[in-house]
Amino acid sequence: MLKKRIIPCLDIKDGRTVKGINFVGLRDAGNPVELAKEYSEQGADELVFLDISATDEKRKTLIHLVEELSKEINIPFTVGGGISTLNDVDLLLKAGADKVSLNSSVVKNPKLISDISQRFGNQCVVVAVDSKQFETQDFVFVNGGKIKTDFQTLDWIKRAEELGAGEILLTSMDFDGTKQGFDVRLLKQVSEICNLPLIASGGAGKIEDFTEVFSKTNATGALAASIFHFGEVQIPELKLNLKQNKIPVR
Amino acid sequence: MIAIIDYGAGNIKSVENAIEKLGFETILTSDFDEIRNAEKIIFPGVGEASTAMKFLKEKNLDILIPTLTQPFLGICLGQQLLCSYSEENNTECLGIFDVKVKQFPSTEIVPHMGWNNLSNLKGDLFKCVSEADDFYFVHSFYCELSENTSSECNYILPFSASLQKNNFYGMQFHPEKSGDIGSKVLENFLNLN
């Protein structure tokens, strides 16, 4: 049976791990390679690295980090942040990344999804969507959640699927940083219109939040950052709890 | 020397890293003679079937591979290319396994992405592996069950998680991304006589 994935996310700035609360107010949470190894040993199923300092100058640092990660860990990992060309993707995959996560660049240029998918396969194309609700509608935000777009979340995800995305990483900005649990409403709506693997992100604060998201939605993975970095939720304990609740995990 | 066939697609680095970590020397190559003379050959793969077959033909590797007698391991797309035919862009493949590669129905969640366990494990590659162990899969096309099936996986339907015929081995999962149990399977392959 396919297992539900637990995915720690490491936000990278200048080679260090940080996690914003509601996308502002960054706190240092350690060395990414050391954290990655520890998570891998604890039973993380996959890792996501988001470079939030991505500029051309810093990209070289990121490539070195990816090379080091590829040597040190033997579970899949995704790299995102500032990826806007086929060449960016080529360099990251060659350095050892398994997938790339794309956000603002594909909203601006949706064709990039199909270009990457055709060249490298859809399995490596993660479309990351930051979504926030306005009245009764959900909208896509770009540039680290700073800029609202006219794209409605469900329409955009459907389009990303048609263009050749391999996976959706959905962050609810309304829930991110609140530790009130995942955005079950939005995740349910997305899985009704999309047949791609779906990673739930934003809002995890305790073990029960993971149980809830996997029992109430079709999310195939759940992502969190600070609660793992600061040890508020330990992966072995989380997985044991999920197993006890009959949710298949590794 | 372990030859890793380089056909310019996907994440080959992690296969190289995984093998070197086990203490074996590797060479990343698409050269006919280097591949022919290697002690063992690994054919990793993510990417698209027809593009990969075209590349093999340009290098005459489609002629070489079926004649090889040393242990040969195809991973993911590498396993699919060892089959007879793939529905992915109607591609005639190498035909070592008399198996068709089919597409998962798009009404389900595809790709099959994540950790899944195997059943009916057969052969030396699965020494020290149990049906409770999970391996990492990511694919939208699958190899049908056949007499060459050496382990099965069930996602939407049962399919060949691995295949074996003589010196040819295939794995749909990624041993290089499957943690310590994946390394064990790779090590079992590298230690074949």
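The request is for a close look at strand 5 of chain A and what surrounds it.

Reply: This is a predicted model, in which local features need pLDDT of at least 70 and side-chain atom pairs count only at pLDDT 80 or more, while totals for chains, interfaces and linings use all residues. Residues are numbered from 1 along each chain as its sequence is written, chains are lettered from A and ligands numbered from 1 in the order in which they are written, and side-chain values use heavy atoms, with hydrogens and water left out.

Strand 5 of chain A covers residues 77–80; helices (H or I, at least four residues) and strands (E, at least two) are DSSP runs, numbered from the N terminus. Phe77(A) and Val79(A) on one side of this strand, and Thr78(A) and Gly80(A) on the other, are all buried, which leaves both faces covered. Buried here means under 20% relative accessible area, exposed over 50% and partly exposed in between, with a 1.4 Å probe and protein chains only.

On one hand, strand 5 of chain A runs parallel to strand 4 (residues 47–51) of chain A, joined by four bridges, where two strands pair if DSSP finds at least two bridges between them. Within this pairing, Val48(A) stands opposite Thr78(A). On the other hand, strand 5 of chain A pairs with strand 6 (residues 99–102) of chain A, also in the parallel sense, over three bridges, and there Thr78(A) stands opposite Lys99(A). Between strands 5 and 6 of chain A the chain passes through helix 3 (residues 86–95) of chain A, in a β-α-β crossover that is right-handed, meaning that, with the strands pointing away from the viewer, the path from the first strand over the helix to the second runs clockwise.

Side chains of opposite charge can pair when their charged atoms come close. The side chain of Lys99(A) meets that of Glu46(A) in a salt bridge of 2.6 Å, N to O, the term standing for a side-chain nitrogen of Lys or Arg within 4 Å of a carboxyl oxygen of Asp or Glu. Because Lys99(A) lies in strand 6 of chain A and Glu46(A) in the loop between helix 1 and strand 4 of chain A, the pair ties together parts that are 53 residues apart in sequence. Lys99(A) is buried, with a relative accessible area of 2%, and Glu46(A) is buried as well, at 1%. These two residues also belong to a network of salt bridges that includes Arg5(A) and Glu167(A).

Asp45(A) has a salt bridge too, in which its side chain meets that of Arg250(A) at 2.8 Å, N to O. The two are 205 residues apart, with Arg250(A) in the segment after helix 10 (235–244) of chain A and Asp45(A) in the loop between helix 1 (32–42) and strand 4 of chain A. Asp45(A) is buried, with a relative accessible area of 1%, whereas Arg250(A), at 27%, counts as partly exposed.

Across the interface of chain A and chain B, the rule finds two salt bridges.
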